[in-house]
Amino acid sequence: MTSYDTVLANGRVIDPETYMDGIFHVGIKDGTIAEISREPLEGRDVVDVSGLIVSPGFIDLHAHGQNIASNRMQAFDGLTTALELEAGLLPVGEFYDNCAAEGRPINYGISAGWLAARTVTLNPEKAVNGKPVPTMTFTMGNFDVQEWVENPAHGDELQQIIDLLEQGLKEGAIGIGFAWGYAPGAGLKECREIWKLAKKYGRPTYTHIQNLSMLDPNSGVRNVIELIGLAGATGAQTHICHWNSTSLRDIPTIVDIVKNAQEAGLPVTTEAYVYGAGNSGIGAAEFDPSDVEDRMAIEWSDFTLV
Ligand SMILES: [Zn+2]
């Protein structure tokens, strides 16, 4: 009988790709899964994992916690890869250098952060040593600044935003993080340039939709249709982040719209939280208190201040 380096014995083995789900023994040799068996296996180290799940490591596409403490918590949930794709960060190379210098218990990765590019372009006084800081603290710390949030960008400003994002892609960004709802002043002409850049590099855009609203004419439904339009108009892979929360009670409508777009062959994907609440920073544009109850069809008592 073959003897393995390590045997995980009696675990509930789940593989979502093949729908495997049952009690098995897993034999590992030279760092690779060599056998999955209903019968007990021999090994140098046999670990009894009865009562536990043995599965591929989870990849979280939407992990804003990019530090050692967050990564340790994510590992407890079975994550082996935590990606910050929605907001993204800049400079990308500096982020990767910082992670490598500090060490990380799981895999990590980011998109190029459009919010950061917009912040230092339209509010250059917020740059530190002439550039953004690759942390969510920097991004969220500027939610209260108006120009980069509310103003459209064109001409030299738009070119600078594109240049900063392109540099991020060259430094290994996994696409472009386009959290539109946090800078709703941006328009479709700016979007088109960014989608073209994503297409040029063959990497996706990741969007938090512009309108956290069920009210026409600026509803989330309108914005999802615009995003699908960008996918069709540029050919860039278009990922709609956490559609369960940003769709509000229009989720059946938006599911129908996205399904039809996918069936038409457009490069549109989405994701959902596995929990029933969301959070954000105070001062974020989409939580404008003057009409948030009407737009989201909720009451103030639905909010919790953490
Ligand atoms: Zn979001």
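A residue is counted as buried if 20 or more other C-beta atoms lie within 10 Å of its own, as exposed if 12 or fewer do, and as partly exposed in between, with C-beta atoms placed from the backbone. The structure is a predicted model, in which local features need pLDDT of at least 70, side-chain atom pairs count only at pLDDT 80 or more, and totals for chains, interfaces and linings use all residues. Residues are numbered from 1 along each chain as its sequence is written.

The chain is divided into domain 1 (3-54) and domain 2 (58-302), with bounds taken from an automatic or database domain assignment. Between the C-alpha centres of domain 1 and domain 2 the distance is 38 Å.

Most residues other than glycine have a negative phi, and most peptide bonds are trans. Leu-90 and Pro-91 are joined by a cis peptide bond with omega about -10°. Pro-91 is placed in the loop between strand S7 (79-89) and helix H2 (92-102); helices (H or I, at least four residues) and strands (E, at least two) are DSSP runs numbered from the N terminus. A cis bond also leads from Asp-216 to Pro-217, with omega near 10°, and Pro-217 lies in the loop between strand S10 (205-207) and helix H8 (220-234).

Positive phi values occur at His-242, near 30°, and at Leu-248, near 55°. His-242 is found in the loop between strand S11 (238-240) and helix H9 (243-246), and is partly exposed because it has 17 C-beta neighbours inside 10 Å. Leu-248 belongs to the loop between H9 and helix H10 (251-263); with 18 C-beta neighbours inside 10 Å, Leu-248 is likewise partly exposed.
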